[in-house]
Amino acid sequence: MKIITSPAKLMNISNTAEFLKPTTPKFIKEAELLQSYLKEKTPEFLSEMMEISTKLADENWQRNQNWKPKPKAIESSPALFAFTGEVYRGLNAKTLSQEAVSYLQKNYRILSGLYGLLKPSDKIMLYRLEMGRKFEFEYYRNLYEFWTEKITEQLNSELKSKEIILNLASSEYIKVLDQKRIKVPIIDFDFYEMKSGKPKTIVVYTKLARGLMVRFCAENNAKTLDDVKAFNMEGYRIDEEMSKPQSLVFTR
C-alpha cells in the first residue's frame, strides 16, 4: 500500500524524531535545478506567480537564497515533521509511536512541487513552490511537465503487485501522476459533513480528515482496503451507499 498526500504551505523545521534517521530526497538534483532558477526570481515575480503578499514574497525570496541541497540539521527537518498545515495537524506525527512512523516510512509519500516525491525521512528546507503554479523554465511550461514522468516512474518502481494507492492528495497535486501508467488501483476519498441529511464538503475538515486517515493507517498497520474502510476517527464512518470500488466516502 502507498498513501499519498500533498505538502503544506505552513512549515516548521524545528520538528524531528530521534528514531527517524534523516535521508536525502530521491530527486535532490532536480530540486537543485529548480532552485537555480528560483534564486534568480525577484520578490515581485514570486508575489505575482504565487499570488502572495509582498511580505511573504520577501520571505520566500530569502528562503530561495538560503536553500542548499545538503542542509545542516539545524536548517532542515524530515518531511514527515516539516509540514504543519491542516493535513499534518490531523496526522500529528510528533505523537506517533516508532512502529507507526516505521509504517509510514515504508508506505507513505508526499508530493512536492520542489522535491517531487518525498519519503517521511527525507530532510527538507523551508520552501514554497506549489505544483499548480505556472513556473516556466528551460523548455518546461509548468511543473507538471517537469515532474509527471519522473514521479510516475519512481512511484511505479516502489509498488508491488496487488498493492493499492490511497489518494489523499488535493486535485492540484494528484494531477502530477500519469494515472494511466500507474500499475495498481488508485483509491480516491471524500469526507463529508452531514447537514440536514445532505453531504457537505468543508475544506478545512476535509484536509484534517486526510491527515487522520494517514494516522489511522499507521496506527492500525493497514494493509487492505477493508482495513482502510474501518476508519472511524473523530466521528467519521464509511458510507457504503455513496462509496464506489475506487472511491470511498466517509461521513459524520
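**Figure 1. Surroundings of F83.** Apart from neighbours within four places in sequence, F83 is in contact (heavy atoms within 4.5 Å) with P7, A8, L10, M11, Y88, I110, L118, I124 and Y127. The model is predicted, so local features need pLDDT of at least 70 and side-chain atom pairs count only at pLDDT 80 or more, whereas totals for chains, interfaces and linings use all residues. Residues are numbered from 1 along each chain as its sequence is written, and side-chain values use heavy atoms, with hydrogens and water left out. With 3% relative accessibility, F83 counts as buried; buried means under 20% relative accessible area, exposed over 50% and partly exposed in between (1.4 Å probe, protein chains only).

**Figure 2. The largest nonpolar core.** This core has 83 residues, and those with the most contacts inside it are F83, Y115, L129 and F189. Its largest share, seven residues, comes from helix α9 (residues 203-219). A nonpolar core is a set of buried Ala, Val, Leu, Ile, Met, Phe, Trp, Tyr and Cys residues joined through side-chain atoms within 4.5 Å. Helices (H or I, at least four residues) and strands (E, at least two) are DSSP runs, numbered from the N terminus.

**Figure 3. Aromatic pairs.** The structure holds 20 aromatic pairs. Rings of Phe, Tyr and Trp (its six-membered ring) pair if their centres lie within 6.5 Å; planes under 30 degrees apart count as stacked, over 60 as edge-to-face and the rest as tilted. The pair of F83 and Y127 is edge-to-face, because the ring centres are 6.4 Å apart and the planes stand at 80°. F83 lies in the loop between α4 (79-82) and α5 (86-91), and Y127 in the loop between β5 (123-124) and α7 (143-158), so the pair ties together parts that are 44 residues apart in sequence. Y127 is buried, its relative accessible area being 5%. F231 and Y236 form a stacked pair, 6.1 Å centre to centre with 25° between the planes, and both residues are buried.

**Figure 4. A cluster of rings.** F27, Y37, F135, F137, Y139, Y140, F146 and W147 are linked into a cluster by ring pairs.

**Figure 5. Charges over rings.** A charge sits over a ring if NZ of Lys or CZ of Arg is within 6 Å of the ring centre and within 35 degrees of the ring normal. The charged end of K41 sits over the ring of F45, 4.7 Å from its centre. Over the ring of Y205 sits the charged end of R252, 5.1 Å from the ring centre.
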